[in-house]
Amino acid sequence: QVQPVESGGGSVQVRGSRVLSCTPSKSIRSRYCMGWFRQAPGKGREGVARIWTGSNGRDSTYYSDSVKGRFTISRDISKDTLYLQMRGLKPEDTAMYYCAQAPYASTSCADDWSLLRDFSSWGQGTQVTVSS
């Protein structure tokens, strides 16, 4: 199974910005639900942002409270790439970031993280380190 490939991580200072990219396992043209998770040392993997296509054909997004207003998830079909734009970075944003993609079309992504969390293929991730 093809693994997603994340990139764009690195070291950044507090209040700085960073853009993460992901080449997913399946083409973004599938419009399956996609998202970003992160895992800090000693902690579990948490959902950060997800994006899905609604019945109206438009993308909708959801953000965890910890990143709402600072992070933006988007996808570019022409480049077959998922993005996570991060602004106003804080030390607590330090983590390994992973992209996730649902293996099939489902409306459940509008409700919770379970489809992405339990059925995604995971890549190596990209490390983001925020320092003061």
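Reply: Start with one definition: a salt bridge is a side-chain nitrogen of Lys or Arg within 4 Å of a carboxyl oxygen of Asp or Glu. Bear in mind that this is a predicted model.

Me: How many salt bridges does a search of the whole structure find?
Reply: Side chains of opposite charge can pair when their charged atoms come close. A search of the whole structure with the 4 Å cut-off gives a count of seven.

Me: Which strand holds Asp-59, the salt-bridge partner of Arg-31?
Reply: Arg-31 and Asp-59 form a salt bridge, with their closest N and O atoms 3.2 Å apart. Arg-31 is in the loop between β3 and β4.

Me: Is Asp-59 buried, partly exposed or exposed?
Reply: Buried means under 20% relative accessible area, and exposed means over 50%. Asp-59 has 34% relative accessibility. That value falls between the cut-offs, so Asp-59 is partly exposed.

Me: What is the N to O distance between Asp-59 and Arg-75?
Reply: The side chains of Asp-59 and Arg-75 meet in a salt bridge. This pair links distant parts of the chain, with Asp-59 in strand β6 and Arg-75 in strand β7. Arg-75 is buried, at a relative accessible area of 12%. The N to O distance is 3.0 Å.

Me: Which residue is the bridge partner of Thr-53 in β6?
Reply: Strands β5 and β6 pair in the antiparallel sense, over five bridges. Strand β5 covers residues 46-53. The partner of Thr-53 in β6 is Asp-59.

Me: Which strands are the edge strands of the open sheet?
Reply: The open sheet has six strands, in the order β2-β10-β9-β4-β5-β6, with mixed pairing. An edge strand here pairs on one side only. The edge strands are β2 and β6.

Me: Which residues are linked with Arg-38 in a network of salt bridges?
Reply: Arg-38 forms a salt bridge with Glu-46, with the closest N and O atoms 2.7 Å apart. Arg-38 is buried at 5% relative accessibility, whereas Glu-46 is partly exposed at 33%. The residues linked with Arg-38 in the network are Glu-46, Arg-70 and Asp-93.

Me: What kind of aromatic pair do Phe-37 and Trp-113 form?
Reply: The ring centres of Phe-37 and Trp-113 are 5.4 Å apart, and their planes are at 70°. Planes over 60 degrees apart count as edge-to-face. So the pair is edge-to-face.

Me: How many residues apart in sequence are Phe-37 and Trp-122?
Reply: Phe-37 and Trp-122 also form an edge-to-face pair, 5.2 Å centre to centre with 85° between the planes. Phe-37 lies in strand β4, and Trp-122 lies in the loop between α1 and β10. The pair therefore ties together parts that are 85 residues apart.

Me: Which residues do ring pairs link into a cluster?
Reply: The count comes to four aromatic pairs. They include the pair of Phe-37 and Trp-113 and the pair of Phe-37 and Trp-122. The cluster is Phe-37, Tyr-62, Tyr-98, Trp-113 and Trp-122.

Me: How far is Arg-50 from the ring centre of Trp-113?
Reply: The charged end of Arg-50 sits over the ring of Tyr-62, at 4.3 Å from its centre. Arg-50 also lies over the face of Trp-113. The distance to the Trp-113 ring centre is 4.6 Å.

Methods
Residues are numbered from 1 along each chain as its sequence is written. This is a predicted model: local features need pLDDT of at least 70, side-chain atom pairs count only at pLDDT 80 or more; totals for chains, interfaces and linings use all residues. Side-chain values use heavy atoms; hydrogens and water are left out. Two strands pair if DSSP finds at least two bridges between them. Helices (H or I, at least four residues) and strands (E, at least two) are DSSP runs, numbered from the N terminus. Rings of Phe, Tyr and Trp (its six-membered ring) pair if their centres lie within 6.5 Å; planes under 30 degrees apart count as stacked, over 60 as edge-to-face and the rest as tilted. A charge sits over a ring if NZ of Lys or CZ of Arg is within 6 Å of the ring centre and within 35 degrees of the ring normal. Buried means under 20% relative accessible area, exposed over 50%, partly exposed in between (1.4 Å probe, protein chains only).
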